[in-house]
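Dear colleague,

I am passing on the structure below, together with some notes on what turned up when I went through it. Please read them with the coordinates open beside you.

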Amino acid sequence: MAMTMSGEVHLVAPRALVWEKLNDPEVLKACIPGCEELEKTEDAEGFRAVAKLKVGPVSARFKGRVTLTDLDPPNGYTITGEGEGGVAGFAKGGATVGLTDNEGGTLLSYNVEAHIGGKLAQLGQRLINGSAKKLADEFFSNFGKAVQPDA
């Protein structure tokens, strides 16, 4: 099952600070819903991750790898990843993330394309899309707090 999602978030922080925080594993770990582990891999542009997620009646611990490419500091990057959740299934996909100056802060735009399989894919498009939007909203709410200039 394929899923796409896009959006924009206005952050009240300078672009250089937003870029720095988008590349900080501790900040990302604190902002990603259900994230239990996030650590840089040996190849500087990658992370190993473990996240526990619940989508409808399916709950699973996903173990995966995330890679950053097309790095263009402080303007954006492409993030790709894949994770395995045992019997719950798998998820893989990517997102382009762009940063632009906007009204005394930074406009973060994103375009996501993901593919899921296993029990997760059987839940139906509406439930998956609703859960994905909720997780994205939660991440950006947390991230918005993390990039406050006094944070």
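A residue is called buried here when its relative accessible area is under 20%. The model is a predicted one, and by that cut-off F140, at 14% relative accessibility, counts as buried, as does Y110 at 10%.

These two residues belong together, since four aromatic pairs were counted, and in one of them the rings of Y110 and F140 have their centres 4.8 Å apart with their planes at 20 degrees, so the pair is stacked. Y110, F139, F140 and F143 form one aromatic cluster.

The backbone also deserves a look. The peptide bond from P73 to P74 is cis, with omega near -10 degrees, and P74 sits in the loop between β4 (58-72) and β5 (76-84). In strand β4 itself, D70 has a positive phi of about 50 degrees although it is not a glycine, and D70 is exposed, with a relative accessible area of 60%. E103, in the loop between β6 (90-102) and β7, likewise has a positive phi, near 45 degrees, without being a glycine, and at 73% relative accessibility E103 counts as exposed.

Conventions. Residues are numbered from 1 along each chain as its sequence is written. This is a predicted model: local features need pLDDT of at least 70, side-chain atom pairs count only at pLDDT 80 or more; totals for chains, interfaces and linings use all residues. Side-chain values use heavy atoms; hydrogens and water are left out. Rings of Phe, Tyr and Trp (its six-membered ring) pair if their centres lie within 6.5 Å; planes under 30 degrees apart count as stacked, over 60 as edge-to-face and the rest as tilted. Buried means under 20% relative accessible area, exposed over 50%, partly exposed in between (1.4 Å probe, protein chains only). Helices (H or I, at least four residues) and strands (E, at least two) are DSSP runs, numbered from the N terminus.
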